Amino acid sequence: MRFVASSNFPARAMPATAASQISVAPNVLLDGRLALFHERDRWLAVADLHFGYELSQRAAGRLMPLWGMTSIEERLRELIAEYEPRRLIIVGDLVHDRASGPAAAELLARLRTLCEVIALAGNHDRHVAHAVDFEPRWETPEFVFQHGHCEAAEPGRIQIIGHHHPAASVTDGAGLRLKFPAFVQQESCWILPAFSPWAGGVAWKDDGLSRIWLCTPRRILRVDRSCAL
């Protein structure tokens with residue numbers, strides 16, 4: 001398995017420091033900052049923020065810096081400012097556990113001054129269901145958003161989910177190995193990368209049927225099975 005670099009997709013003017021952006025379907029752009037944007041419907045989708053992971057670790061007695069929370073909000077603000085979406089869809093696991101509830105509610109309030117925000121319930125979000133209003137799913141004529149596994153009963157529509165934290169690695173002949181978050185496209189099921197900077201990611205098995213896109217800080221790479229090692 002090898003990886004090939006994608007070319008940037010010039011859908012709109014982007015600042016020189018912006019991450020890579022490519023078209024992965026008609027009207028749909030993948031941004032290297034771990035987000036998906038629909039140009040016509042103007043939704044921006046991210047998944048698995050696990051906002052407040054540091055607070056959870058501190059509550060357990062592990063001193064961790066709070067830069068992850070800061071970087072999550074900064075990236076979201078950058079994406080909203082550049083794409084100007086009608087709505088931001090958080091596809092589950094807004095929080096890590098109950099320690100993050102108040103901070104996550106405050107984050108949503110700040111983001112809602114910028115655009116509509118729809119928070120879908122993930123398995124971690126049960127800890128703060130009393131403090132945050134979650135929706136089980138959100139849909140359009142073309143897409144269904146929900147956190148967990150893709151269901152078979154959505155004919156004619158693509159399901160967009162989170163939860164799995166897909167990732168893949170780049171290696172070289174000298175033994176260097178770098179793992180990056182990945183966006184996975186199956187025929188009727190797309191899996192978003194985890195937005196959290198703390199998510200290590202789970203290696204996604206290449207079955208030859210999926211398209212796997214690696215999101216690196218400067219470019220997006222596609223797994224290419226046709227290339228020889």
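**Close-up views of a predicted protein model**

**View 1. The whole chain and its secondary structure.** The protein chain has three helices and 16 strands, and the model shown here is predicted. Of the 229 residues in the protein chain, 51% are buried, while the chain exposes about 11100 Å², of which carbon and sulfur atoms supply 53%. When contacts between residues at least 6 apart in sequence are considered, 63% of them join residues at least 24 apart.

**View 2. The packing of helix H2 against helix H3.** Two packed helices are described by the angle between their axes and the distance between the axes. Here the axes of helix H2, residues 67–83, and helix H3, residues 101–111, come within 12 Å and cross at roughly 20 degrees. Because angles under 35 degrees count as roughly parallel, H2 and H3 are described as roughly parallel to each other. The crossing in which H2 passes H3 is right-handed. On the H2 side the contact is made by Met69, Glu73, Leu76, Arg77 and Ile80, and on the H3 side by Ala103, Leu107, Arg110 and Leu111. Sorted by class, the contact of H2 with H3 has six nonpolar and three charged residues, but no polar ones.

View 3. Leu34 is found in the loop between strand E3, residues 28–31, and strand E4, residues 35–38. With a relative accessible area of 9%, Leu34 is buried, because buried means under 20%. Leaving aside residues up to four places away in sequence, Leu34 touches Ala45, Val46, Arg75, Pro181, Pro193, Ala194, Phe195 and Cys215. Leu34 and Ala182 are 148 residues apart in sequence, yet their C-alpha atoms are 8.3 Å apart in space.

Note on methods
Residues numbered from 1 in each chain as written. Predicted model: local features only at pLDDT ≥ 70, side-chain atom pairs only at ≥ 80, totals over all residues. Heavy atoms only, no water. Helix = DSSP H or I, 4+ residues; strand = E, 2+ residues; numbered from the N terminus. Buried < 20%, exposed > 50% of the residue type's maximum accessible area, 1.4 Å probe, protein only. Contact = heavy atoms within 4.5 Å. Areas by Shrake-Rupley, 256 points an atom, 1.4 Å probe, with all protein chains shown as cover. Axes fitted to C-alpha atoms, helices over the stretch in contact; angles between N-to-C directions. Parallel < 35°, antiparallel > 145°, perpendicular 65-115°, else oblique. Left-handed = near helix turned anticlockwise from the far one by under 90°. Nonpolar A, V, L, I, M, F, W, Y, C, P; charged D, E, K, R; others polar.
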